[in-house]
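Let's take a walk through this structure together, one piece at a time. Have the sequence and the 3D view handy as you read.

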Amino acid sequence: MKKILYVFAASALLLVPSCQSFEPDVFDESSAARMGTFLTEIQEALVDEPYGWSLDYYPGSKYAGTTFTISFTSQKATVRHENNPSKSETSTYILKRDDGPVLSFDTYNTILHQYATPSSRLYQAKGGDFEFEITSFNKTTHEVVLIGKRSRNTCTLRPLEKPSEKYLEDIRSFEKGLTIAAAAANIGGKEYETYLDAGTRSISIGEKGAPDDSLKTYRYILTDRSIRFMKPFSVESTEFTEWTFNADNETLSGSDVTFNKFFPAGYISYEDYLGTFTLTYGGGRGSFPVTLVEDEAGSSFIMEGLSKFFQPTLSYNGGRGRLIWEKQTIGGSGSLEYILAPWDSDAGYLTWAEGVGMIGIVSDNSVADYVVEFSDNGVWESSNNYKAKGWLIWSMNGDSSAGAVSSWSMASGSYQLAGPITMQKKVEE
């Protein structure tokens, strides 16, 4: 087998001019003094808000945006999170100069640091931040725009208009009532469809009938009455920053555009994927039972039964009601990393590129014993048009291929699982 090289293109980081700027030393006051004045203004604003602040927080690209609330004193910050509004924890923070103004939560806080703390399963955590560059402070709205020093994601502090615990409880109530997974609207004379993935808190949007790989994706958090996007985006010259939800007629609206709810073809809810399936591989050459159990509710599953050596994770696309099965690390030995590698089992080639894998699509969701058909997700970039059809247990030494892990096996009886792959839901009698 030959390896497939995958080239990543680094995106340039655009520096957006802020409301508060720092000019060269052409004024009577030094740049250091002006920086100190700015940090003092920020701290006074943080401390003065009676209800504290909401923080629109975006960890690494694979994880959902979320909301914290923070109340500040001159030295300490009391933090809550939407997953458990009644729990709070207080730790210290500092405003400092570090190639620009920085807000740092400099002592460990189990609530705020949860996305930045590694574990045995997530050795790089979830790409979260506890240090933020301050890019702007709006003295009218008091919004403070931050950039995570690790993720480079935009996070925003906004003054709260109600007690923090109540605000977070209202977010949870709003989320339970948000019943839209897909919606359509006329924008600029063209029909558009949008798909909401509650697990990753992102929307995909594009013209009606457009292929999946042409849809644009935007991340959001939930407020107590709307979904608010990480950054504004435009469709047909219409800019969107936030969509409100009308529970009476199940519509989303923003910028004088109304999106009407519909269900995509083959939609399966997260809860309906839980349970046991018969996985068939090699186009019918063999089969065995697997079970999908909850990993992160509404977002991902653990597949039990594929192998006694590991259990892969499958993601859930809530907007389309589909399964996503991508390349992933499953173990290791010494300097070797073991991965579940996408494999073109017809052509005999594999890849270890991030994001390559399969999408599981259901053609007929009207039956209880529906069938999930897995096909390439379109991420494998190859001039030879290779497709992810099966899986291999493979080893890597850094960025270099180190060969098959033949000492491990799947329920197929070897380190190989040839495609095509389908899964049929088992119905209890």
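Helix α2 takes in residues 164-177, and from its first C-alpha to its last it reaches 20 Å, close to the 20 Å expected for its 14 residues at 1.5 Å a residue. Keep in mind that you're looking at a predicted model. Which residues of α2 are buried? They are Ser164, Tyr167, Leu168, Asp170, Ile171 and Phe174. Look down the axis of α2 and these buried residues fall within an arc of 155 degrees, so they line one face of the helix. The general idea is simple: an α-helix has 3.6 residues a turn, so residues three or four places apart point the same way.

Now for the charges. The model's salt bridges come to 23. One of them joins the side chains of Glu165 and Arg80, at 3.8 Å from N to O. Glu165 sits in α2 and Arg80 in strand β3 (residues 76-81), so this pair ties together parts that are 85 residues apart in sequence. Glu165 is partly exposed at 29% relative accessibility, whereas Arg80, at 17%, counts as buried.

Another salt bridge brings Arg322 and Asp212 together at 2.7 Å, N to O. Here Arg322 belongs to strand β22 (residues 322-326) and Asp212 to the loop between β12 and β13, 110 residues apart. Arg322 is buried at 14% relative accessibility, while Asp212 is partly exposed at 37%.

Strand β13 (residues 216-222) holds Arg219.

Let's finish with some strands. β16 (residues 251-254) and β17 run antiparallel, joined by four bridges; in one of these pairings, Gly254 partners Val257 in β17. The two strands form a hairpin with two residues between them, and Ser255 in the turn has a positive phi of about 55 degrees. Strand β17 (residues 257-261) is also joined to antiparallel β10 (residues 182-187) by two bridges, with Ala183 opposite Lys261.

Conventions
Residues are numbered from 1 along each chain as its sequence is written. This is a predicted model: local features need pLDDT of at least 70, side-chain atom pairs count only at pLDDT 80 or more; totals for chains, interfaces and linings use all residues. Side-chain values use heavy atoms; hydrogens and water are left out. Two strands pair if DSSP finds at least two bridges between them. The expected span of a helix is 1.5 Å times one less than its number of residues. Buried means under 20% relative accessible area, exposed over 50%, partly exposed in between (1.4 Å probe, protein chains only). The arc is that of the directions from the helix axis to the C-beta atoms. A salt bridge is a side-chain nitrogen of Lys or Arg within 4 Å of a carboxyl oxygen of Asp or Glu.
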